[in-house]
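Open the model in your viewer and show the cartoon. This tour moves from the whole chain to selected pieces.

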Amino acid sequence: MSWWQDVSRVYRQLFHRLRWLVVVLALMLYGVSGFYSVDADQRAVVSRFGRIVEQNVMPGMHYRLPWPVESVETLSAVELRSINIDFAKELDSALTGSELTTGKGDLIELALQVQYSIPSPGKFLSVAMDAETILRNTAKAQAVIYVSQRELDSLLTTGRSDFQQWMQQAIQQELDSFGPGITVTNVMLNRLETPAVIKQAYDEVQMAPAAREKLIQDALGERETKLAQARSEVNNTLKQAQAQAQAQVANTEGEVQRLNTLIVSLERQPGLAKKRLYLETLKQILEKARVSFINRDKP
């Protein structure tokens with residue numbers, strides 16, 4: 001008997017004795033592969049041949065039938081998801097237009113963010129093939145409905161908060177009608193404004209009352225300034241006139257007193273008074289006269 005025949009014989013004896021042990025170990029490993037764990041912030045969905053049998057498996061260690069009978073998919077239960085919608089950048093904006101139309105026909109640009117969570121992972125995965133697309137289209141439809149029923153002024157001023165609250169309730173109500181397992185937690189308006197060309201005209205209209213009020217205030221201020229200047233000039237002129245009048249009166253009184261003194265002197269001493277009057281008059285004339293001396297003896 002050759003060595004090869006001896007090895008073959010030993011191999012057959014070992015295989016005959018261990019084959020059931022190998023089968024048992026393989027079955028045990030296959031069975032153990034069904035254990036799975038779900039983290040504290042996750043929820044799991046168990047599917048059996050593609051059909052969901054457990055929609056909301058809580059955190060912890062669990063067991064499901066090994067592949068390919070059952071499969072497990074986990075989703076974050078606490079993660080806050082969001083989608084951004086900008087009507088100017090949507091794929092269908094070429095057909096529907098990048099602006100929305102208000103109740104009075106004004107155009108407005110809108111970009112918003114919808115925040116949501118997934119409290120029911122089973123519904124989220126089973127009710128719709130693409131729940132996020134449904135959420136996006138629902139939000140766009142509700143935004144168009146709301147804007148078409150409102151006026152531009154209210155949307156741009158006091159209506160923003162009401163718009164956001166209405167959107168959250170309307171989207172949630174629409175989603176609840178077929179239950180995709182989504183809870184809308186918040187809606188925020190990232191951009192709500194008129195188009196650039198219209199915005200300029202709208203701003204000018206909005207600024208017109210303020211500009212008119214500014215012109216009125218400037219005119220009133222200039223009027224008050226000029227009135228103050230006029231009152232100051234009147235006071236100065238009046239004071240100058242009063243000063244000139246007082247000076248004129250004082251001069252007149254002085255002249256009267258001088259004449260009275262002269263009259264008294266003429267009555268008491270006529271000769272001396274006349275001589276004095278003559279000399280004073282001559283002095284006044286000579287002070288203003290230009291005197292030239294001519295020598296007649298000189299040829």
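Contact here means heavy atoms within 4.5 Å. On that basis, residues 24 or more positions apart account for 70% of the contacts in the protein with a separation of 6 or more. This is a predicted model, where local features need pLDDT of at least 70, side-chain atom pairs count only at pLDDT 80 or more, and totals for chains, interfaces and linings use all residues. Residues are numbered from 1 along each chain as its sequence is written, and side-chain values use heavy atoms, with hydrogens and water left out.

**Whole protein.** Zoom out. The C-alpha atoms fill a box of roughly 195 × 60 × 45 Å along the principal axes. Of the 299 residues, 24% count as buried (under 20% relative accessible area, 1.4 Å probe, protein chains only).

**Sheet.** Select 42-48, strand E2. Strands are DSSP runs of E, at least two residues; helices are runs of H or I, at least four; both are numbered from the N terminus. E2 joins E5 through 7 bridges, antiparallel. Now pick alanine 44; its bridge partner in E5 is threonine 74.

**Helix contact.** Select H7 (196-268) and H8 (270-288). Their axes come within 6 Å. The contact includes Leu262 and Leu266 of H7 and Ala273 and Leu277 of H8.

Note on methods
Axes fitted to C-alpha atoms, helices over the stretch in contact; angles between N-to-C directions. Pairing = 2+ DSSP bridges. Buried < 20%, exposed > 50% of the residue type's maximum accessible area, 1.4 Å probe, protein only.
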